[in-house]
Amino acid sequence: MSITRPRGFRAAGLAAGIKSTGAADLALVVNDGPRDTAAAVFTSNRVQAAPVLWSREVVADGRARAVVLNSGGANACTGPDGFADTHRTAEHLAGLLEISSQDVLVCSTGLIGERLPMEPLLAGVTAATEQLAAGTASDAAASSAIMTTDSVPKTAEVTTASGAIVGGMAKGAGMLAPQLATMLVVLTTDADVDAVVAQEALKAATSTTFDRVDSDACMSTNDTVILLASGASGVMVAADELTEAIRAVSADLARQLVADAEGASHDVHVVVRSATSEQSALAVAREIARSNLVKAAIFGNDPNWGRIVSAAGCVPEAVAPFDVADLSVTVNGVEVCRGGGAHRDRSEVDMTPRETLIEVDLGAGEATGDIWTNDLTHDYVEENSAYSS
């Protein structure tokens, strides 16, 4: 279980006919309360889909009762008509649940630039409402219905020391870049928490999890991470305890996103140490993670440290001060570069494991930052040369 494991939630997922393949493409998550606390973070892309614009307005008061999510169409760059479609979707679900449309969040994912087929979508919302339930089957149906190029559904849950539960589901397998990803995430908790604490906890948790995923340096128009709190456990969780629980679930889901990146054969963890600040460390880590030369070398099982230091050197000194003479690089436990030059022979590095660890020491300070990415494969190019879902 995942999103309905916390008390006070029901979910459903089904095929509404949005996808031409007939695959599941619509999900609902409903918070039965007694709390209706909601928090969210969204893409920072200047081009934002209609559901993002709508949901920003809805969550502004820290309240929401339901989320409707569809795959098979992003409803992005569809103008006023696309926004009206989102509004209509929220009103339709609100009428069925006998709540306000201002308490319905909407999420979409799929191809940009095309209107959604509203009649099958709304009929699907009606059908999904009739199927709302708690339990493993409902969780599995909902998490599968939001998939696009994902190969597997992604779910996670944790229980806090005080007994509250946090669950979550996510989709995303490409266009994964900072400021979230091409992903939709719904997190649920039965903790008794107000909107201010929930928003702060969510932002803190996502900043070190979803924001540290950078699969292909491409930022989506639809990124949304939603947290709903029902208060059904009656447990009032301290802010730091809630943050850590949300962080744990988010970290689990973020790693699942990387592991399912389109066509990837390696999950790559880039860790930069001894930087002058965390932001400096992150800037270097991100530059390395985004280097197509580094990613292609990893695909070829080549621990090419020259490409790694070259990428690090692309970061302006004003952003990340360091002396090349102090730079070292370790790949999967083998220090292949020390003092800015060759050290141990790179043939000693075992590149066969799925996970590749790149550690860069800048020798400039005490701060650390890390980014998760993946290699660049033939399959990634093939997948994204004809994307239609």
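Two strands pair if DSSP finds at least two bridges between them. Keep that in mind on this tour of a predicted model.

**Stop 1**

Select strands S10 (residues 267–275) and S14 (residues 355–361). They run parallel and are joined by seven bridges. Now pick His269. Its bridge partner in S14 is Leu357.

Next, bring in helix H7.

**Stop 1: H7 meets H9**

The crossing of H7 past H9 is right-handed.

Show side chains here. From H7, the contact takes in Val284, Glu287 and Ile288. From H9 come Ile308, Ala311 and Ala312. By class, the residues of this H7 and H9 contact are five nonpolar, no polar and one charged.

**Stop 2: the five-stranded sheet**

Move to the other sheet on this tour. Five strands form an open sheet in the order S3-S9-S8-S7-S6, with mixed pairing. S3 and S6 stand at the edges. Each of these two has a single partner strand, so one side of each lacks a neighbour in the sheet. On average, neighbouring strands of this sheet are turned by 10 degrees against each other, direction ignored.

Zoom in on S8 (residues 184–189) and S9. These two pair in the parallel sense over six bridges. Find Thr189: Ala229 in S9 stands opposite.

**Stop 3: inside H1**

Select residues 50–59. Helix H1 is mostly covered, with seven of its ten residues buried. Which residues are they? Colour Ala50, Pro51, Val52, Trp54, Ser55, Val58 and Val59. The buried residues of H1 pack against strand S3 (37–42), helix H2 (79–97), strand S5 (104–109) and strand S9 (224–229).

**Stop 4: H6 and H5**

Pick helix H6 (residues 239–259). H6 lies across S6, S7, S8 and S9, and runs at about 155 degrees to S6.

The axes of H5 and H6 come within 8 Å and cross at roughly 45 degrees. H5 and H6 are therefore oblique to each other. H5 passes H6 in a right-handed crossing.

Val197, Ala201, Leu202, Ala204 and Ala205 are the H5 side of the contact. They meet Ala239, Leu242, Thr243, Ile246, Arg247 and Ser250 in H6. The contact of H5 with H6 has eight nonpolar, two polar and one charged residues.

**Last stop: Thr160**

Select Thr160, in the loop between S6 (154–159) and S7 (165–171). Is Thr160 buried or exposed? Thr160 counts as buried, because its relative accessibility is 9%, and buried means under 20%. Leaving aside neighbours within four places in sequence, Thr160 is in contact with Val237, Glu241 and Ala245.

Technical notes. Residues are numbered from 1 along each chain as its sequence is written. This is a predicted model: local features need pLDDT of at least 70, side-chain atom pairs count only at pLDDT 80 or more; totals for chains, interfaces and linings use all residues. Side-chain values use heavy atoms; hydrogens and water are left out. Buried means under 20% relative accessible area, exposed over 50%, partly exposed in between (1.4 Å probe, protein chains only). Helices (H or I, at least four residues) and strands (E, at least two) are DSSP runs, numbered from the N terminus. Contact means heavy atoms within 4.5 Å. Axes are lines fitted to C-alpha atoms, for helices over the stretch in contact, and angles run from 0 to 180 degrees between N-to-C directions. Angles under 35 degrees count as roughly parallel, over 145 as roughly antiparallel, 65 to 115 as roughly perpendicular and the rest as oblique. A crossing is left-handed if the near helix is turned anticlockwise from the far one by less than a right angle, and right-handed if clockwise. Ala, Val, Leu, Ile, Met, Phe, Trp, Tyr, Cys and Pro count as nonpolar, Asp, Glu, Lys and Arg as charged, and the others, Gly among them, as polar.
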